[in-house]
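Please look over the sequence and the model before reading on.

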Amino acid sequence: NLPASGKSSWRSPSNIALVKYWGKRENQIPANPSISFTLNSCFTTTTVSYEKLKEKQHQFSFDFLFEGSPKEEFKPKIQTFLTRIQAYLPFLTEYHLVIESSNSFPHSSGIASSASGMSALALCLMDMEKELNPTIHLDFFNQKASFLARLGSGSACRSVEGPLVQWGSYRGIENSSDLYGVPYPYITHAVFQDFCDTVLLVDKGEKTVSSTVGHGLMHHHPFAEQRFQQAHSNLDKLKTIFETGDLEGFIQVVESEALTLHAMMLTSSPYFILMKPNTLTIINKIWAFRGESNSHLCFTLDAGANVHVLYPAEEKTVVLKFIKEELAPLCQNGQFIEDQVGTGAIKL
Ligand code: PMV
């Protein structure tokens with residue numbers, strides 16, 4: 001039996017996709033497989049305190065606090081999430097939940113907190129399930145946490161574990177699934193084990209088009225089928241690249257994926273642009289720097305204007321000097337976040 005009250009806290013990282021998830025079917029089933037680096041320093045910390053209600057409710061009873069203050073505007077998203085997962089955690093309506101969340105990265109920095117936020121919340125709720133079923137095996141715990149996180153925000157299912165997580169049925173990985181992320185099962189070259197990601201905060205404003213709308217526009221997109229096939233072939237290419245440590249190949253796949261994601265936005269109906277002028281200036285500066293140095297830095301983009309600069313840890317001194325001198329002035333208030341590949345969520 002679940003105790004009358006209790007508390008659970010998790011810290012869950014953000015992730016950055018190398019092969020992008022863009023387009024989905026019913027129930028957050030991805031239209032194509034994706035793979036991401038789990039990050040380390042960009043994370044959400046969430047505590048769920050639960051207390052048994054006198055009577056089981058039909059509606060969820062919960063409060064949400066963000067960085068210490070009640071945040072009513074986030075409640076509908078959590079309400080939707082709880083409704084979607086109710087069938088998998090039926091005991092939830094017997095409890096009043098207080099959900100307290102905070103991010104390690106600046107609020108409204110343009111860094112999506114849905115992946116880290118939804119996975120941290122899913123993990124706290126899985127702790128409640130574990131109170132009910134103490135014999136739950138760690139693999140099942142992580143798998144179900146990822147499954148639940150997916151129902152909050154698709155990419156959140158890739159934030160439970162690390163350092164590389166694959167989501168979506170893909171012929172190259174036997175245990176891959178559309179329902180949850182799985183840690184990449186093959187040995188990867190040492191260079192990818194401590195890869196760095198410096199996140200350049202180009203635009204901190206609200207996105208003009210949400211990911212949900214963007215995914216929806218892939219339904220009648222003229223290039224959808226080719227794009228979904230391309231994601232599979234880029235995963236095939238990455239499989240060899242991860243094994244051999246082929247950095248040139250890595251750069252090609254990762255930058256092409258980022259530009260293809262935005263090309264899908266440019267060619268949707270209606271079309272839209274999430275990059276800003278400085279996004280393009282930064283990309284051009286990265287290409288110029290790569291041409292004139294021996295560096296293996298590359299860029300990737302999420303559904304926004306910010307640029308993730310990816311590079312091997314051993315090139316950190318050189319690349320960070322370039323970022324500080326040439327790229328930081330193109331960021332809002334000169335802001336960037338130094339991050340690197342991480343191992344996944346931590347129970348606090
Ligand atoms: O998880 P969502 O629905 O916010 O979609 C995120 C999609 C991208 O960040 C653009 C790509 C990805 O795979 O993370």
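Which residues does UniProt list for "domain: Mvd1 C-terminal"? The unreviewed entry gives residues 199-337. UniProt positions follow the numbering used here, feature names are shortened, and annotations may be inferred rather than shown by experiment.

## Model and numbering

This is a predicted model: local features need pLDDT of at least 70, side-chain atom pairs count only at pLDDT 80 or more, and totals for chains, interfaces and linings use all residues. Residues are numbered from 1 along each chain as its sequence is written.

## Overall fold

The chain has 8 helices and 14 strands. These are DSSP runs, with helices (H or I) of at least four residues and strands (E) of at least two. Residues 199-337 are 54% helix and 9% strand. The end C-alpha atoms of that stretch are 5 Å apart.

The C-alpha atoms fill a box of roughly 70 × 45 × 40 Å along the principal axes. Buried residues (20 or more other C-beta atoms within 10 Å of their own, C-beta placed from the backbone) make up 44% of the 348 residues. Take contacts (C-beta atoms within 7 Å) between residues at least 6 apart in sequence: 74% join residues at least 24 apart.

## Ligand shell

The shell around the ligand has 14 residues, each with its backbone-placed C-beta atom within 6 Å of the molecule. Ala17, Tyr21, Ser155, Ser211 and Ala303 come nearest. Domain 1 (5-188) and domain 2 (191-340) each supply at least three shell residues. Those bounds come from an automatic or database domain assignment.

Definitions and conventions. Buried ≥ 20, exposed ≤ 12 C-beta atoms within 10 Å, placed from the backbone. Contact = placed C-beta atoms within 7 Å.
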